[in-house]
Amino acid sequence: GGKKKDFNILVIGLDNSGKSTVVNNLKPNDDRAININPTVGFNSEKVNFRNLNLSLFDMSGQSRYRNLWEHYYREADAIVFVIDSSDRMRFVVSNEELNDVLNHREIKDKKIPLLILANKKDAKGALNESGLRNELEINGIRGKQYEIFATDGLSGQGVNDAFEWLANELK
Ligand code: GDP
């Protein structure tokens, strides 16, 4: 019996939080075009990084399609939640989305790691990681390991550290 090598990672968060940018940064240079997988009702993209299969979900205004995501939730080995740390207007909405996912019936009892990216750390007015920790009200963790990393998806700063933490959690 070999160890599990493929991991399905849900990359979720509001539109414009930087999901595609972060994931693009993880890809090898010769593979920077995202395979778009158009599906009726919601946006999902799949990319591969080392032995991680990343599935991206854009949650903007698409809550009514959330039942269509259940398949992906069921298969998820980890969750990456991306927040625009400079978009204070939408912290509340972002927080609600995170808690909706954590309380979803396919997720709530799973002991899978949760990586929170305080993205756009370079942007004006960005809250740092401890500031964001205070703003976030995370319910429904139920034994999940979680960590917050400040990232700049454009330069890649912080992105590797974050995914290294995640890879270690998955080992
Ligand atoms: P998505 O909708 O969550 O996939 O967000 P995108 O990856 O499309 O990014 C939305 C916008 O934010 C784009 O204009 C990106 O260039 C920009 N962006 C993403 N990450 C960062 C970051 O860390 N810092 C800054 N300043 N801009 C970013």
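Here is a short chat about a predicted model of a protein chain with a ligand.

Q: What should I know before I look at this model?
A: It's predicted: local features need pLDDT of at least 70, side-chain atom pairs count only at pLDDT 80 or more, and totals for chains, interfaces and linings use all residues. Residues are numbered from 1 along each chain as its sequence is written.

Q: OK, how many helices and strands are in the protein chain?
A: The protein chain has 5 helices and 7 strands. Both are DSSP runs numbered from the N terminus, with helices being H or I of at least four residues and strands E of at least two.

Q: And what pattern do they follow along the sequence?
A: Reading along, you get β-α-β-β-β-α-β-α-β-α-β-α.

Q: What share of the chain is buried?
A: Of its 171 residues, 33% count as buried. A residue is buried if 20 or more other C-beta atoms lie within 10 Å of its own, exposed if 12 or fewer, and partly exposed in between, with C-beta atoms placed from the backbone.

Q: Switching to the ligand, which residues are closest?
A: Gly18, Lys19, Ser20, Thr21 and Gly153 are the closest of the 16 residues that surround the ligand. To be near, a residue needs its C-beta atom, placed from the backbone, within 6 Å of the molecule.

Q: Which element gives the largest share of that shell?
A: Helix 1, with 3 residues.

Q: Ser20 came up there; where does it sit?
A: Ser20 is in helix 1, which covers residues 19–26. UniProt also lists Ser20 and Thr39 under "binding site", in an unreviewed entry. UniProt positions use the numbering here, feature names are shortened, and annotations may be inferred rather than shown by experiment.

Q: Why does Ser20 count as partly exposed?
A: Because it has 19 other C-beta atoms within 10 Å.

Q: New topic: which residues of helix 3 are buried?
A: Ser94, Glu97, Leu98, Val101 and Leu102. Down the axis of helix 3, the buried residues fall within an arc of 135°, so they line one face of the helix. That arc is taken from the directions from the helix axis to the C-beta atoms.

Q: What covers them?
A: The cover for the buried residues of helix 3 includes strand 1 (7–13) and strand 5 (78–84).

Q: Last one: how far is Ala167 from Phe7?
A: Their C-alpha atoms are separated by 9.4 Å, although the two are 160 residues apart along the chain. Ala167 belongs to helix 5, residues 159–170.

Terms used. Contact = placed C-beta atoms within 7 Å.
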